[in-house]
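Subject: Structure handover

Hello,

Here is the structure I promised to pass on. Please open it and keep it beside this email while you read.

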Amino acid sequence: MSSILVVGSVAFDSVKTPFGEADDVLGGSATYFSVSASYFSPVNVVGVIGRDFTNEHQGVFKRHNIDTSGLVQTDGETFRWKGQYGYELNEAQTLDTRLNVLETFDPEIPDSYTDSAYVFLGNIDPVLQSRVLDQIKSPKLVACDTMNFWIDSKLDDLKRTLARIDMLVINDGEARMLSGEANLVQAANKIRAMGPERLIIKRGEYGVLMFNEDSIFGAPAFPLEEVFDPTGAGDTFAGGLMGHLARAGDMSDSTLRQAIVFGSVMASFNVEAFSLNKLSALTRTDIQGRFEQFKQLTHFESL
Ligand code: AMP
């Protein structure tokens, strides 16, 4: 089974939703991604943490057998993000971003990771995403995330990264912003012309669309009775998606569709609790059970 290399943020998040709040809890794109993907495949994480990131915090990586030899600890404080959500829970409003140790982060890929077949470039500066790619020999699949912040401030750098990747995983607002198109099908055409052959557009509680070759696949979000905290849903989704692809070892349309559903399954668990409280305590049986429920949810007979 191939390992996945992920580069992204490791964070302390402070989050407020209409249903509660949590202060300085474990978060970050690389954290959510790697814990989610670890249920499917071996994961190697590259990122930076500050001196305030204790052994106890690192425990979550260890418990999931995530290789942290690329997680560098430097002087200073760990990246911090503060956000809140309204009742519809679909879009985070960023209240504060403190880059801290991320400000001077220059990802160095350990030698043992440079032949990674599966690479996920989490949401960080697109210049750093490109620098990571410079160090990988011949990846089989490179997927990437980004956010409005980079589309706004570093569009040219982002376009240079997009030209080098196979798959982009972004939300609908970002797809519209990046393409300048309101219609998502037209937005997808424009974005795919920038480089990524496959595009996955996440639409929060409305599910996800995948544009692959000539086909479009749509999956709903799992209808949950209670959602506490959507933070990390996107990265958790990407973790399940890449995890399944690396485990399966092929990129057929049918495997990609399964991967979209596994991503949706993982995201649905994650939003049921703050931080990684639920995501980090799952079993394979929980995951498989909800995968089957998804099949039920979307199944219908042809006439
Ligand atoms: P999402 O999956 O989009 O909900 O991602 C949420 C995670 O992204 C949080 O745990 C934050 O720590 C992290 N995050 C928010 N803003 C940034 C940023 N500018 N750079 C890197 N990570 C970020």
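N189 sits in helix 7. Helices (H or I, at least four residues) and strands (E, at least two) are DSSP runs, numbered from the N terminus. N189 is partly exposed, because its relative accessible area is 49%. The cut-offs are these: buried is under 20% relative accessible area, exposed is over 50%, and partly exposed is in between (1.4 Å probe, protein chains only). N189 and I124 are 65 residues apart along the chain, and their C-alpha atoms are separated by 24 Å.

Two notes on the source. This is a predicted model, where local features need pLDDT of at least 70, side-chain atom pairs count only at pLDDT 80 or more, and totals for chains, interfaces and linings use all residues. Residues are numbered from 1 along each chain as its sequence is written, and side-chain values use heavy atoms, with hydrogens and water left out.

**Helix 6 and helix 7**

Two packed helices are described by the angle between their axes and the distance between the axes. The axes of helix 6 (residues 172–179) and helix 7 (residues 184–193) come within 9 Å. They cross at roughly 60 degrees. That makes helix 6 oblique to helix 7. Axes here are lines fitted to C-alpha atoms, for helices over the stretch in contact, and angles run from 0 to 180 degrees between N-to-C directions. Angles under 35 degrees count as roughly parallel, over 145 as roughly antiparallel, 65 to 115 as roughly perpendicular and the rest as oblique.

Helix 6 passes helix 7 in a left-handed crossing. A crossing is left-handed if the near helix is turned anticlockwise from the far one by less than a right angle, and right-handed if clockwise. Which residues meet? From helix 6 come D172, A175, R176, L178 and S179, and from helix 7 come L184, A187, K190 and I191. Contact means heavy atoms within 4.5 Å. By class, the residues of this contact are 5 nonpolar, 1 polar and 3 charged. Ala, Val, Leu, Ile, Met, Phe, Trp, Tyr, Cys and Pro count as nonpolar, Asp, Glu, Lys and Arg as charged, and the others, Gly among them, as polar.

**Helix 1 and helix 8**

The axes of helix 1 and helix 8 (residues 233–248) come within 7 Å and cross at roughly 40 degrees. Helix 1 is therefore oblique to helix 8. This crossing is right-handed. Helix 1 brings S29, Y32, F33, S36 and A37 to the contact. Helix 8 brings D235, T236, A238, G239, G240, M242 and G243. The count by class is 5 nonpolar, 6 polar and 1 charged.

**Helix 9 and helix 10**

The axes of helix 9 and helix 10 (residues 284–298) come within 9 Å and cross at roughly 115 degrees. Helix 9 passes helix 10 in a right-handed crossing. Among the residues in contact are F262, V265 and M266 of helix 9 and I287, F291 and F294 of helix 10. In total, this contact has 8 nonpolar, 4 polar and 2 charged residues.

**The cores**

A nonpolar core is a set of buried Ala, Val, Leu, Ile, Met, Phe, Trp, Tyr and Cys residues joined through side-chain atoms within 4.5 Å. The largest one has 54 residues. M167, I200, I260 and I287 have the most contacts inside this core. Helix 9 (residues 253–270) gives the most to this core, with 9 residues. A second, separate core has 41 residues, including L102, I109, L128 and L158.

I260 touches I200, V208, M210, F217, A219, F237 and L241, not counting residues up to four places away in sequence. I287 lies in helix 10. Buried or exposed? I287 counts as buried, because its relative accessibility is 0%. With the same exclusion of residues up to four places away, I287 touches Y39, F40, F262, V265, M266, F269 and L282.

**Helix 2 and positive phi**

In helix 2 (residues 55–63), Q58, G59, V60 and F61 are buried. The buried residues of helix 2 pack against strand 3 (20–27), helix 1 (29–37), strand 4 (43–49) and strand 5 (67–73). N65 follows helix 2 and has a positive phi, near 55 degrees.

Most residues other than glycine have a negative phi. L89 has a positive phi, near 60 degrees. L89 is in the loop between strand 6 (79–84) and strand 7 (93–98). L89 is buried, because its relative accessible area is 11%. Phi of E213 is also positive, near 50 degrees. E213 lies in the loop between strand 12 (208–212) and strand 13 (215–219).

Best wishes
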